[in-house]
Amino acid sequence: MKKVLESSKKDLLNLGIGDVSLPLIPEACKTLQKAAFEMSERPIGYPSSHGDHSLRQTIFEKFYKNFPLSSSNIFISDGINSDLGNIQELFDQTTTFGVHEPSYPVPHDVCIMAGRSQFTTVISCDEKDRFLPKPPNHKIDVMYLCTPNNPSGTAMNYEELKAWVDWANFNKSILIVDAAYIDFIQDPSIPKSIYEIPGALSCAIELRSFSKSCGFTGLRCSFSVFPDDVKGLIAKQSQPLKAIWAKRMATKSNGIAYPIQQAALSCLSEQGWHQAMMQVNHYLKMAKALKTSCEKAGFETLGASNAPYVFIKCPQHMNSWQFFDYLLENLSIVSVPGSGFGKSAEGYIRLSGLITEEVCKKLVRDWKVSAVLSKTSQTPTFGKAP
Ligand code: PLP
């Protein structure tokens with residue numbers, strides 16, 4: 001951020017953001033206004049701390065009706081970020097945690113903030129595994145997984161997820177699956193929920209959000225799924241985590257604002273979901289256009305099919321920050337250095353497809369010019385000549 005603010009460049013093309021660039025979907029906006037007005041007409045007090053019943057029921061019917069779950073397994077929250085951190089309160093201080101890198105840094109950060117550094121294992125992922133983690137050959141009590149992954153834009157397929165579920169059940173471990181980008185999945189070989197994997201109902205908690213698909217980053221609404229059979233050791237006894245989470249929510253949260261939950265509910269209507277999917281398709285289109293233009297310019301890339309991110313290998317042995325500086329100074333492009341997501345992603349940068357058409361077009365145009373420059377061997381050259 002400091003480098004971006006200090007840059008002398010004007011009209012920066014910001015492809016570093018993980019925030020949305022499209023507005024809240026119209027259906028949600030309309031409902032939000034209506035619900036706020038309703039509050040001026042009749043008293044609407046504390047919401048249920050577990051979430052509005054019709055929202056929980058609709059989430060169940062839309063995403064989970066083919067699994068032995070019910071609305072009672074679904075809890076409404078104000079964002080995946082909150083849940084990633086708050087879940088730690090369910091476990092005692094000697095519980096071991098696992099995170100993988102490169103990945104969204106919050107799970108690792110919350111482990112450190114909770115004073116769990118010495119009980120936290122970081123699994124480093126390889127470029128050859130598309131930067132996705134494989135289960136270790138030892139037990140970890142609670143493992144955070146992020147798939148589709150930010151920053152690599154890659155997602156675990158059925159076999160890869162099955163390996164984690166089998167590992168978790170064998171070790172009596174718990175998986176916390178951050179599925180913030182699940183609505184972006186296009187590839188049929190990638191499950192649309194961890195519960196498609198046999199055995200997941202006894203070991204996995206799934207976290208999903210309205211943030212990226214419905215434009216809710218500024219409103220804040222998400223949900224978590226706690227199946228009945230996911231159990232944890234609490235006070236040395238194995239107890240269903242659903243009950244402890246429910247108790248935690250009832251004690252520490254008085255629920256999510258009525259208009260926000262109503263707006264979230266409207267996103268799941270036919271019209272609302274259609275608008276949400278239009279936004280998802282727009283972001284994926286942007287990500288794919290970025291990816292294609294990078295590849296035409298000779299870069300190796302990952303992502304853009306099941307998440308709105310393109311992960312680009314830096315050319316000519318540049319490290320992440322060198323390439324970041326190069327793009328900023330030469331093309332006025334703001335990216336995110338891969339090294340910020342973990343040491344394994346040194347030598348990569350992330351570009352975000354959560355952008356407008358205008359930004360995307362400018363980047364594709366400038367990228368082409370650079371590819372031409374590299375062909376005519378101006379220095380520094382840019383990618384390999386296509
Ligand atoms: N998880 C991942 C992988 C993310 O990339 C983000 C935001 O960028 C979040 C969670 C945050 O989600 P929410 O807005 O629901 O807190």
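Predicted model: local features only at pLDDT ≥ 70, side-chain atom pairs only at ≥ 80, totals over all residues.

Mentor: Residues are numbered from 1 along each chain as its sequence is written, and side-chain values use heavy atoms, with hydrogens and water left out.

Trainee: Which residue is the bridge partner of G98 in strand 4?

Mentor: Strands here are DSSP runs of E, at least two residues, and helices are runs of H or I, at least four, numbered from the N terminus. Strand 3 (residues 97–101) runs parallel to strand 4 (residues 120–124), with five bridges between them; pairing takes at least two by DSSP. For G98, the partner in strand 4 is T121.

Trainee: What handedness does the β-α-β unit of strand 3, helix 5 and strand 4 have?

Mentor: Point the strands away from you and follow the path from the first strand over the helix to the second; clockwise counts as right-handed. With helix 5 (residues 106–113) between strands 3 and 4, the unit is right-handed.

Trainee: What is the volume of the largest cavity?

Mentor: A cavity is a set of points on a 1 Å grid over the protein atoms alone where a 1.4 Å probe fits but cannot get out; lining residues have an atom within 4 Å of a point. Points join across faces, edges and corners, and volume is the space filled by probe spheres set on them. Two cavities reach 30 Å³ or more, and the largest has about 80 Å³.

Technical notes. 1 Å grid on protein atoms, 1.4 Å probe; cavity = no way out; pocket = protein on both sides within 12 Å on 5 of 7 lines; lining within 4 Å.
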